[in-house]
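Here are a few exercises on a ligand site. Have a look at the model, then work through them one step at a time.

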Amino acid sequence: MNLVLASANKHKVDEIKALLPNGFTVVTMKEAGIHEDIPEPGATIAENSQLKAEYVYQKLKHVFSDLEVIADDSGLEVEVLNGAPGVHSARYAGEAKNDEANNLKLLEALKPHSNRKARFVTIITLQGESTLEQFEGEVKGTIAFAPRGTTGFGYDPLFIPTGYRSTFAELGADIKNSISHRSAAVKRLVEFLKIPH
Ligand code: IMP
């Protein structure tokens, strides 16, 4: 099986590579020669995850034998904001996909509210010639009052996972990878891949 990872986000790629056990090797989209931004016109995280996998599968199905594509679409859902930024997480503060601006906009939106509950969700799609599966992972937590920490990406400086006092960006990659939405989704993916099909 040739596993290709449909993501150009270096942080996601590093996390997924670290989360995959020995014996699972992925080729990134860039390594496979796809350099463009994949369109994400879907109305949900699940839809965008599937669109990304499908896009890369169609581009590479004649290049790799026994191709399986995995795509990760993720977002932050804040309870009091009715699930926003959700599917719009990357572009919450505008088309530029600016993490710092997204974090500031979220802090502003939460100013009038005392409920700071949120969850991160990842949906991984696995697409092959006769495979189409999705694997979901989530982690619950709260939103901090100011950005804290330097590791990770996106909303990591604002997200405090349940059971901790520090943000993902303070906790660092090892702790994040042991409890994150992405790690839960990858675990389900790996369980599926280990079963002979
Ligand atoms: P997409 O999955 O590439 O559409 O991007 C989703 C956006 O959600 C990213 O740009 C980040 O802002 C945010 N995001 C997704 N996963 C994480 C994470 O693990 N930590 C922090 N932010 C994340």
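**Exercise 1.** What volume does the largest pocket have?

*Solution.* First, the ground rules: this is a predicted model, where local features need pLDDT of at least 70 and side-chain atom pairs count only at pLDDT 80 or more, while totals for chains, interfaces and linings use all residues. Residues are numbered from 1 along each chain as its sequence is written, and side-chain values use heavy atoms, with hydrogens and water left out.

Now the number: the volume comes to about 740 Å³. Of the 34 residues lining this pocket, the closest to its centre are Asn 9, Lys 12, Glu 40, Ala 90 and Lys 97. By class, the lining splits into nine nonpolar, 13 polar and twelve charged residues.

**Exercise 2.** Find the element that gives the most to that lining.

*Solution.* Start with the elements that each supply at least two residues: α1 (10–19), α2 (45–60), β3, α3 (99–110) and α6. Then pick β3, which gives the most, with three residues.

**Exercise 3.** Which polar side-chain atoms lie 2.7 Å from the ligand, and how much of the ligand does the protein bury?

*Solution.* Take the nitrogen side: a polar side-chain atom of Asp 156 lies 2.7 Å from a ligand nitrogen. On the oxygen side, Lys 176 also puts a polar side-chain atom 2.7 Å from a ligand oxygen. Next, a side-chain N or O atom of His 181 is 3.0 Å from an oxygen atom of the ligand. Finally, the ligand taken alone exposes 490 Å² (Shrake-Rupley, 1.4 Å probe), and the protein buries 94% of that.

How values were computed:
Polar contact = N/O pair within 3.5 Å; in protein donor to acceptor, adjacent residues only side chain to side chain. 1 Å grid on protein atoms, 1.4 Å probe; cavity = no way out; pocket = protein on both sides within 12 Å on 5 of 7 lines; lining within 4 Å. Points joined across faces, edges and corners; volume = space filled by probe spheres on them. Helix = DSSP H or I, 4+ residues; strand = E, 2+ residues; numbered from the N terminus. Nonpolar A, V, L, I, M, F, W, Y, C, P; charged D, E, K, R; others polar.
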